[in-house]
Amino acid sequence: MHAHVTRLADIFAMLGGVILFVIVMVTTTNTGAFILDRILAPAGVNVSGLPGYEDFVQLAISGAALMFFPYTQASRGHVAVDLFVSNAPMAVKRLLDHMWLTLTAGVALFLAYWMINGLLESRSDAVVAGVLGWPIWPFYIPGIASMILWAIVSVSQIFGDARYA
């Protein structure tokens with residue numbers, strides 16, 4: 001199971017990267033439009049930026065940023081301070097690692113819970129992006145899925161990680 005969970009974390013990170021690439025392309029287009037507007041303004045030509053650019057970036061980055069958390073957990077890329085336990089017995093290292101993985105899973109599920117509440121509230125209030133008019137609630141879904149996957153990765157590492165075998 002651990003390999004499947006890790007693969008899913010990889011896929012989430014790749015999708016997050018695709019979203020970030022789209023954000024970069026939209027930002028480049030928007031910036032190019034502003035530059036063209038400055039260059040062509042003396043000739044009486046107006047080039048406008050992308051309407052709703054800020055809405056799009058805000059909504060897209062809200063999910064994309066969280067999509068990297070499961071991958072970082074799967075690759076053990078989160079910050080760890082081993083200074084005080086580097087010479088500890090393997091049993092102590094394993095115990096501490098399992099405690100932190102359990103705490104990490106708990107934090108991820110806590111965040112998912114509150115994000116679900118935010119999704120439900122924004123949906124019931126019919127909150128929309130200011131310029132684009134897009135509903136906000138669907139943009140919670142990638143973040144919620146990422147938090148749940150982050151918890152699953154953490155738990156799978158407790159039972160399937162060969163780090164302390």
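**Entry 1: A105 and its neighbours**

I looked up A105 and left aside its neighbours within four places in sequence; A105 is in contact with A151, S154 and V155. By contact I mean heavy atoms within 4.5 Å. I note that this is a predicted model, where local features need pLDDT of at least 70, side-chain atom pairs count only at pLDDT 80 or more, and totals for chains, interfaces and linings use all residues. Residues are numbered from 1 along each chain as its sequence is written, and side-chain values use heavy atoms, with hydrogens and water left out.

I placed A105 in helix α4, residues 90-124. Helices (H or I, at least four residues) and strands (E, at least two) are DSSP runs, numbered from the N terminus. A105 has a relative accessible area of 6%, so I list A105 as buried. The cut-offs are under 20% relative accessible area for buried, over 50% for exposed and partly exposed in between, with a 1.4 Å probe and protein chains only. I also checked A105 against L149, which is 44 residues away along the chain. Their C-alpha atoms are separated by 9.3 Å.

**Entry 2: S154**

Next I took S154, in helix α5, residues 141-160. Is S154 buried or exposed? S154 has 0% relative accessibility and therefore counts as buried. Not counting residues up to four places away in sequence, S154 touches Q73, L101, T104 and A105.

**Entry 3: the whole chain**

I counted elements: the chain has five helices and zero strands. From the N terminus on, they run α-α-α-α-α. The radius of gyration is 21 Å, well over the 15 Å that the globule rule gives for 165 residues, so the chain is more spread out than a compact globule. This radius is taken over C-alpha atoms, and the rule is 2.2 Å times the number of residues to the power 0.38. Along its principal axes, the C-alpha trace spans about 75 × 40 × 30 Å. Of the 165 residues, 30% count as buried. I then looked at contacts with a separation of 6 or more: residues 24 or more positions apart account for 77% of them.

**Entry 4: α1 with α2**

I compared α1 (residues 2-40) with α2 (residues 53-64). Their axes come within 9 Å and cross at roughly 160 degrees. Axes are lines fitted to C-alpha atoms, for helices over the stretch in contact, and angles run from 0 to 180 degrees between N-to-C directions. The two helices are therefore roughly antiparallel to each other. Angles over 145 degrees count as roughly antiparallel, under 35 as roughly parallel, 65 to 115 as roughly perpendicular and the rest as oblique.

Which residues of α1 meet α2? They are G16, I19, L20, V22, I23, V26, T27 and N30, and they meet Y53, F56, V57, A60, I61 and A64. Ala, Val, Leu, Ile, Met, Phe, Trp, Tyr, Cys and Pro count as nonpolar, Asp, Glu, Lys and Arg as charged, and the others, Gly among them, as polar.

**Entry 5: α1 with α5**

I found that the axes of α1 and α5 come within 10 Å and cross at roughly 150 degrees. That makes α1 roughly antiparallel to α5. On the α1 side I noted H2, V5, L8, A9 and F12. Their partners in α5 include P142, L149 and V153. The residues of this contact divide into nine nonpolar, five polar and no charged.

**Entry 6: A126**

Last, I checked A126, in the loop between α4 and α5. Phi of A126 is near 55 degrees, a positive value in a residue other than glycine. Most residues other than glycine have a negative phi. A126 is exposed, with a relative accessible area of 56%.
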